Amino acid sequence: MTPQIETDEHKALRAAVAALGAKYGRDYITRTIAEGRHPTELWQEAGKLGYLGVNLPEEHGGGGGGITELSIVLEELGAAGSPLLMLVVSPAICGTVIARFGTEDQKRAWLPGLSDGSLLMAFGITEPDAGSNSHRITTTARRDPDTGDWLLSGRKVFISGVDMADAVLIVGRTEDARTGRLKPCLFIVPTDAEGFRKHPIDMELQAAEKQFELTLDDVRLPADALVGDEDAGLLQLFAGLNPERIMTAAFAIGMGRYALSKAIEYARDRAVWKTPIGAHQAIAHPLAQAHIDLELARLMMQKAAQLYDAGDDVGAGEAANMAKYAAGEACVRAVDQAVHTLGGNGLTREFGLASLITAARVARIAPVSREMILNYVSHQTLGLPKSY
């Protein structure tokens, strides 16, 4: 009996999402970028069909699945040329954190909307002077002794989709009353809050989802804006970062699959002499290798998602980092080979691959660089000493 890596339900989900992605396709995403707007129609339809909240609890409007299912959704949309970057952020990071650690009021207020797409939440962790080193975060929250409110001040950069979002899940720090040290905490910050300002970052990258710098100037938040336990912020933070890495892997694998499919189609049809160029090993072998690399990355992504959904945060941390690394590398190579296979046509707007050269590198850089993942594996897996 052949073992099933994916269940029949997962295969059915893949097929259904692939059909939705094909309905929109790369042309739809390219058009929304050119028009300077968001892929609202696709987002709303995916929400109505239950795909956006497939990982969130059923009692709050979700599908009752996990990151395993949500990664399938993003991968298949990407393979159809119509990925939704905010799937990484809104349901995967923010929805997961609120579902695991939020109060009942927070769950009721946010999870149904995150599930059906009527609400969207961005995630703010990166700062100008605190990239991979989250211990250097300077955004701080202090209590107003008279009201019990929180006052949040600081800056964030490279925050995706803030103009689409109803709120941002902000990573800040509060002072530990016992030690005086700053500890991480998570706050739900409405984007219309007084003192909250967003500034678009001028990016070379062509994407429907824009990047922003945030300024928080004594943003006043009610006491219940804090997510979870004030003393468990680091645990809660990493509970959101593992899904982020897994979903970034799904994003990269989907993009790689899309580029590869275009190259294969071209290599089958394009005949310079008597035979299609795909008959030549110089063309065929690199495409076969790209396919192998993407399949291997998918296996590690599936392992990471299954470990996370099973509650193994430690095991999922290692696998999620490896999956993100493998998928980023595989995506860059697949896109590069696809463009090279098409030659000059690979750089034309007609075939739509050239813009993926820049986009593919996102998976190498964000949300954590490949070098920091190698550091993680060196220290955590191999037990080697740190260099920093």
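Visitor: How many cavities of 30 Å³ or more are there by this rule?
Guide: This is a predicted model, where local features need pLDDT of at least 70, side-chain atom pairs count only at pLDDT 80 or more, and totals for chains, interfaces and linings use all residues. Residues are numbered from 1 along each chain as its sequence is written, and side-chain values use heavy atoms, with hydrogens and water left out. A cavity is a set of points on a 1 Å grid over the protein atoms alone where a 1.4 Å probe fits but cannot get out. With the cut-off at 30 Å³ or more, the count is 1 cavity.

Visitor: What volume does the largest cavity have?
Guide: Grid points are joined across faces, edges and corners, and the volume is the space filled by probe spheres set on the points. For the largest cavity that comes to about 50 Å³.

Visitor: Which elements give two or more residues to the lining of the largest cavity?
Guide: Lining residues have an atom within 4 Å of a point, and here they include H10, R14, S71 and Q302. Helices are DSSP runs of H or I with at least four residues, strands runs of E with at least two, numbered from the N terminus. The elements in question are α1 (8–34), α3 (67–79) and α7 (281–309).

Visitor: Why is strand β4 largely enclosed by the rest of the structure?
Guide: Buried means under 20% relative accessible area (1.4 Å probe, protein chains only). Strand β4 (residues 167–175) is largely enclosed because its buried residues number 8 of the 9.

Visitor: Which residue in β5 stands opposite G172?
Guide: Strands pair if DSSP finds at least two bridges between them. Strand β5 (residues 182–190) runs antiparallel to β4, joined by 9 bridges. Opposite G172 stands C185.

Definitions and conventions. 1 Å grid on protein atoms, 1.4 Å probe; cavity = no way out; pocket = protein on both sides within 12 Å on 5 of 7 lines; lining within 4 Å. Buried < 20%, exposed > 50% of the residue type's maximum accessible area, 1.4 Å probe, protein only.
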